[in-house]
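This report describes parts of one structure in plain terms.

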Amino acid sequence: MNEHVGMGGGMSAGGRDPESVKSRWQSTQAQFFGIGAFYVAVVIFFALTSDYFFSYSNALNILTNVTVIGIVALGQTLAIVSGGFDLSVSGVVPLGAVTFVIFGNAEMATPAAMLLAVLVGAAVGVCNGLIVTKVGINPLIATLGTLSIAAGLAYALSNGVTIPMKNIEVGVLAERTYGRVPYYVVTLIGLSLVIWFAMRFTVIGRRIYAIGGNREASRLAGLRVDEITIAIYATCAGLAAFAGVVVSSQLLAGSATVGADAALTSIASVILGGAALFGGVGGVGGTLLGVLVLGTIANGMALLMVPAFYQQIATGVILLLAVGFGRFRAVMSG
Amino acid sequence: MPSGSPEVTSGPPLVEMRDIHKSFGGVHAVEGVSISVMAGEVVGIVGHNGAGKSTLIKILSGAYQMDDGAIHVNGNPVGIGNPRDAKRHGIETIYQDLALHDNLDAVANFFIGREIHTRYGTLDNAAMERAAREVINRINPSFVSLRDPVLSLSGGQRQSIAIARAIYFNAKVLIMDEPTAALGQRETRAFKDLVLRLKSAGIGMLVISHDIHDVFDLSDRITVMSNGRQVGTRHTADVTKDQVLGMIILGKLPEEGTEEELAQLH
Ligand SMILES: Nc1ncnc2c1ncn2[C@@H]1O[C@H](COP(=O)(O)OP(=O)(O)OP(=O)(O)O)[C@@H](O)[C@H]1O
Ligand SMILES: [Mg+2]
């Protein structure tokens with residue numbers, strides 16, 4: 001092993017390896033540890049600069065704030081690892097949020113309303129998958145189109161206004177359990193475990209990595225590449241719709257204005273977590289770390305009274321630095 | 001039928017491709033080629049770069065769809081619409097580019113699409129590693145890094161994985177597109193032994209190679225292709241290497257070449 005992981009995205013003294021591809025693989029691993037080290041540095045920095053930061057209740061705040069993006073990022077991990085992208089989550093989160101409240105207000109049982117909202121999202125995902133596989137349109141363009149359609153649908157269904165929940169009980173996910181931990185945080189942890197397990201230990205998980213690594217070789221090996229791709233986009237959008245359900249539970253209302261940052265932040269998290277832009281590499285652990293990094297920085301900056309728009313700038317800078325370091329490593333060792 | 005095809009002796013061939021045509025846009029990659037393989041027979045396919053060899057075998061392996069022609073397995077016409085169909089008929093392929101997943105390790109590559117799993121759908125990694133190690137080491141005893149992503153492996157090791165996984169799943173017909181291109185001398189020798197063992201087990205093989213010596217060592221019959229056409233098919237015992245080289249270079253059967261053309265070859 002010629003790895004030496006530095007802070008801030010894994011600068012390393014790689015480069016002795018004659019095979020650049022091997023180094024590229026190692027660099028994504030190193031990026032994972034690099035971002036972990038960076039996270040520790042971020043935590044130490046805010047702990048030193050803010051009295052309140054390093055406390056149980058603030059930890060809960062951070063978890064609460066990252067739940068929605070965390071759920072979206074889990075689906076985005078599937079999409080990116082399989083060699084795709086899903087921008088439509090920015091439209092599906094509000095669509096899920098609005099449909100959930102509409103179904104809930106129609107006297108439907110809460111679990112049924114949740115399920116329907118998720119299915120509406122999954123339907124958008126099936127469309128994404130069909131457009132990407134059968135029509136052959138690049139995922140970025142395909143999901144950019146459906147982003148717009150889903151977001152427009154959310155506005156149309158809500159007439160552009162915020163729909164309050166008639167029955168507060170529908171917002172059950174925001175209720176607290178296990179002390180002060182809301183249900184949706186538990187849900188995020190549960191979903192993470194399920195997807196982590198599926199990606200790491202199951203046949204379907206193995207095939208997702210295979211398709212992302214080499215789509216044509218997967219086809220030649222006899223995998224049902226198109227069907228798996230469609231299922232992945234359906235899962236990704238279903239999760240995004242569920243994230244919308246969580247938002248509505250938190251707000252006790254459905255609004256088409258939520259979740260606009262879902263695509264950017266979820267993709268940033270997945271890439272920060274060490275996933276390769278071209279697919280085949282990445283995972284739930286890295287993604288959650290990426291989500292935590294961005295959420296913690298946003299939280300810490302808020303505590304330090306830094307205006308919100310600077311957080312946006314910080315997110316962009318961190319993403320560019322992380323990806324930049326990854327490329328820098330690849331170039332140095334290649 | 002192309003002239004010069006030798007008579008097939010007994011029973012229907014394991015596979016037969018009849019009058020296959022395939023174009024890419026305006027490029028006629030394969031034009032009216034017919035080829036067959038008997039049980040325990042090795043058929044070599046030779047020809048210049050771009051002659052259409054890979055295109056021909058990719059139609060049999062389900063990677064491409066032919067424009068026209070017919071495929072018979074054990075004498076029965078079959079449709080091969082995708083790689084799964086080919087595998088179902090016992091046709092396994094070692095592709096020229098190996099078709100490996102660089103991000104996965106040797107074991108995962110070996111079993112991709114046919115993973116050993118528990119009844120809950122979880123991977124049985126231990127069982128897969130045991131099986132893969134056994135087969136890969138038979139082909140390449142020096143192979144150790146079963147758990148590294150295969151992009152870190154040498155060309156010879158990568159080729160060993162592709163060969164091993166093709167023979168593991170009880171193929172009846174093996175297609176090998178440049179199987180020894182990345183192998184060293186020792187590995188090539190081991191590969192030739194392997195082909196002889198497979199032959200005596202009754203497996204039919206289609207072998208594409210640029211190495212005329214390998215083709216003569218391994219093949220019972222040789223098909224020469226040129227510019228998408230079939231120049232001819234000959235029993236290896238009936239031709240010399242020079243005659244086959246002549247067929248490749250001139251695109252004509254030995255008896256069709258003029259004295260001057262043949263003289264130019266030497
Ligand atoms: N997928 C494709 N799309 C377009 N053209 C193709 C494709 N595959 C092959 N061709 C063309 O078809 C012709 C035959 O190519 P093919 O790869 O079958 O030749 P080959 O005999 O295998 O050559 P080589 O010895 O270099 O492997 C070439 O002109 C090639 O450019
Ligand atoms: Mg070829």
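How many residues does the contact take from chain B, and how many from chain A? The model is predicted, and in this model the contact takes 22 residues from chain B and 20 residues from chain A. On the side of chain B that touches chain A, the largest share, three residues, comes from helix α2(B), residues 83–88. By class, that side of chain B has eleven nonpolar, seven polar and four charged residues.

**The sheet of chain B**

Chain B holds an open sheet of four strands, in the order β2-β1-β4-β5, with antiparallel pairing. The edges are taken by β2(B) and β5(B), residues 76–78; each has a single partner strand, so one side of each is left without a neighbour in the sheet. From one strand to the next, the twist averages 30 degrees.

Eight bridges pair β1(B) with β2(B) in the antiparallel sense. Within this pair, K22(B) stands opposite V30(B) in β2(B). The two strands β1(B) and β2(B) form a hairpin, with two residues between them. In the turn, G25(B) has a positive phi of about 55 degrees.

At the other end of the strand order, β4(B), residues 68–73, is joined to β5(B) by three bridges, and these strands run antiparallel. Here H72(B) stands opposite P77(B) in β5(B).

Helix α1(B) lies across β1(B), residues 15–24, and also across β2(B) and β4(B). The helix α1(B) runs at about 120 degrees to β1(B).

Two packed helices are described by the angle between their axes and the distance between the axes.

| Helix pair | Axis distance | Angle |
|---|---|---|
| α3(A) (residues 56–81) and α7(A) (residues 183–201) | within 9 Å | roughly 30 degrees |
| α3(A) and α12(A) (residues 284–303) | 9 Å | about 145 degrees |

The axes of α3(A) and α7(A) cross at roughly 30 degrees. That makes α3(A) roughly parallel to α7(A). Their crossing is left-handed. On α3(A), the contact is made by L63(A), T64(A), T67(A), G70(A), I71(A) and L74(A). On α7(A), it is made by Y184(A), V185(A), L188(A), L191(A), S192(A) and I195(A). The residues of this contact are eight nonpolar, four polar and no charged.

The crossing of α3(A) with α12(A) is right-handed. In this contact α3(A) uses residues including N61(A), I62(A), N65(A), V66(A), I69(A), G70(A) and L74(A). From α12(A) come V284(A), T287(A), L288(A), V291(A), L292(A), G295(A), T296(A) and N299(A).

Notes
Residues are numbered from 1 along each chain as its sequence is written. Chains are lettered from A and ligands numbered from 1 in the order in which they are written. This is a predicted model: local features need pLDDT of at least 70, side-chain atom pairs count only at pLDDT 80 or more; totals for chains, interfaces and linings use all residues. Axes are lines fitted to C-alpha atoms, for helices over the stretch in contact, and angles run from 0 to 180 degrees between N-to-C directions. Angles under 35 degrees count as roughly parallel, over 145 as roughly antiparallel, 65 to 115 as roughly perpendicular and the rest as oblique. A crossing is left-handed if the near helix is turned anticlockwise from the far one by less than a right angle, and right-handed if clockwise. Two residues are in contact if their C-beta atoms, placed from the backbone, lie within 7 Å. Ala, Val, Leu, Ile, Met, Phe, Trp, Tyr, Cys and Pro count as nonpolar, Asp, Glu, Lys and Arg as charged, and the others, Gly among them, as polar. Two strands pair if DSSP finds at least two bridges between them.
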